[in-house]
Amino acid sequence: MQQFKMLINGRLEDSETTIEVINPADESTVARCPTASVEQMEQAIKAANQAFHDWRQTPISERRVQLILMANALRIHKEELATLLTSEQGKPLDQARAEVDYAGAFCRTMGDMRLDPSLLIDNNKQRVELQRQPLGVVAAIMPWNFPLLIASYKIAPALLAGNTLILKPAPTTPLTTLKLGEIIQSIFPPGVVNVITDNNNLGPLLTQHPDIQKISFTGSTQTGKAIMSGAADTLKRLTLELGGNDAALVLDDVNVEDVAQDIFNAAFINSGQVCVAIKRVYVPESLYDRMCDAIATLASRAVVGNGMDPTCQFGPVQNRAQFDKICHYLHIAKRDGTIIAGGTQPDQPGFLVPLTVVRDIKDGSPVVDEEPFGPILPIVCYRDLDEVINTINCSSSGLGGSVWSSNLPRAESVANRLDTGTVWINQHCAFGPDIPMPATKESGIGVEWGQQGLEEFTALKVINIKRTPTASQLRQPQTTLRQ
Ligand code: NAD
């Protein structure tokens, strides 16, 4: 069985304790993963603080080069990383390969961004310059849905800005991140990136630690709240990318056949385990039956299985706890609606859930109001557009949403009324390293990606210089007065 080690202060380290990492497709053991002791976590934090001194002085052009080397290394190790990702996360191998490509693209694009000082005021009284300073040590606490992509899009902006990093993956998907640590060991100076793994116990300690300046967290809203309260004592900077309950709002002028496939893709991507996947669809009464049938047909034809099987289109749910949660929502879906695709899990080892579509379900059901974070899609019928916009906005989530229409001005006016960080029109889940992803309400605080996402890893600093007037400038007013 493959061995995995943590990266602490530039060295690959074992630990005294380990946990088993399970393949969600069949519940076999992929490998054992080290779990850092509190002492090892302290060593990583100390190393990151020591490395910060030199790393922040390293010209940004050199930091940029090292991020490009990381992107190149991802490309070289693509097959190995993708296979590991499928084994521990469950997604089909071609999608794991795409995740490795995306991770490289985020490194390249974010690594190419600029943090130049800007001039706010420059007159005869003062010169005011705005600078962006690194924060210090950042702890990146990550979930299990896109381990490699999320690690990369936290590494790139944090390091480009001159910070050093502690990466802590989720305990159910630690192996790809450990492999990444091994791959980048020779690229970054010791201590600049540290990878430590745990058994779900180190997050609160990182959050409260006085020598960590920022937490960049992606995960559940519940954990985000715990982090916010844990970070209060040290007033840490926080970026929290949390849960979503994205609605797709279909207007009555769409061509059902045109949009059903796109809505289906954006709902079941990564088996629904995406923060900005479509989690609920609102369809006008006039199109409701046709839309339900079209999406249900696509779901029924989909191949769900072991991601290593080349015919597989959708992998399992990632872990036992999430599987149990989805089974609970399936139970509620049967109670509150009509299941028109999927609905019954196969009786075999692994966390396979067929793509499930639910109709005749209403707001107020937990399947609609909450975020199952799995392959279950409720389709809600609406009659009144103003009412449905209001209902969508009542959600405590505010990550993304989408409007589907053949009339663009109409779609834009509806999009302007949705209270979410991103509103897509005639697409959903379309993102990239140069497009910021902000969150509203309980979906998070701050922004990931784009220039704004990069700036979240910095502190704004003002340099304010008094201009001493020259002798001729001092004489100038008197001359004017005499005239
Ligand atoms: P989670 O919150 O349970 O765990 C995420 C990470 O937080 C793990 O590394 C875990 O060890 C750590 N953690 C757990 N308790 C902690 C605590 N008290 N303090 C600090 N760290 C702690 O989330 P998950 O189950 O891994 O992911 C699923 C959820 O994440 C879903 O709700 C989903 O919407 C959300 N998510 C959001 C985004 C986004 O970008 N908004 C992306 C992926 C997942």
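The legends below describe close-up views of a predicted model. Local features are described at pLDDT of at least 70 and side-chain atom pairs count only at pLDDT 80 or more, whereas totals for chains, interfaces and linings use all residues. Residues are numbered from 1 along each chain as its sequence is written, and side-chain values use heavy atoms, with hydrogens and water left out.

**View 1. Packing of helix 9 against helix 10.** Helix 9 covers residues 256-268 and helix 10 covers residues 285-301; helices are DSSP runs of H or I with at least four residues, strands are runs of E with at least two, and both are numbered from the N terminus. The two axes lie 9 Å apart and form an angle of about 50° (axes are lines fitted to C-alpha atoms, for helices over the stretch in contact, and angles run from 0 to 180 degrees between N-to-C directions). Helix 9 and helix 10 are therefore oblique to each other, the class left once angles under 35 degrees (roughly parallel), over 145 (roughly antiparallel) and 65 to 115 (roughly perpendicular) are set aside. Their crossing is right-handed, that is, the near helix is turned clockwise from the far one by less than a right angle.

**View 2. Residues in the contact of helix 9 with helix 10.** Helix 9 contributes Val 256, Glu 257, Val 259, Ala 260, Gln 261, Ile 263 and Phe 264. From helix 10 come Leu 287, Arg 290, Met 291, Ala 294, Ile 295, Leu 298 and Ala 299. Contact here means heavy atoms within 4.5 Å. The contact comprises 11 nonpolar residues, one polar and two charged (Ala, Val, Leu, Ile, Met, Phe, Trp, Tyr, Cys and Pro count as nonpolar, Asp, Glu, Lys and Arg as charged, and the others, Gly among them, as polar).

View 3. Strand 6 (residues 126-134) is joined to strand 24 by nine bridges, and Glu 129 has Ile 463 of strand 24 as its bridge partner.

**View 4. Positive phi at Phe 373.** Phe 373, a residue other than glycine, has a phi near 60°. Phe 373 lies in the loop between helix 12 (366-369) and strand 16 (376-382). With a relative accessible area of 14%, Phe 373 is buried (under 20%; exposed is over 50% and partly exposed in between, with a 1.4 Å probe and protein chains only).

How values were computed: Two strands pair if DSSP finds at least two bridges between them.
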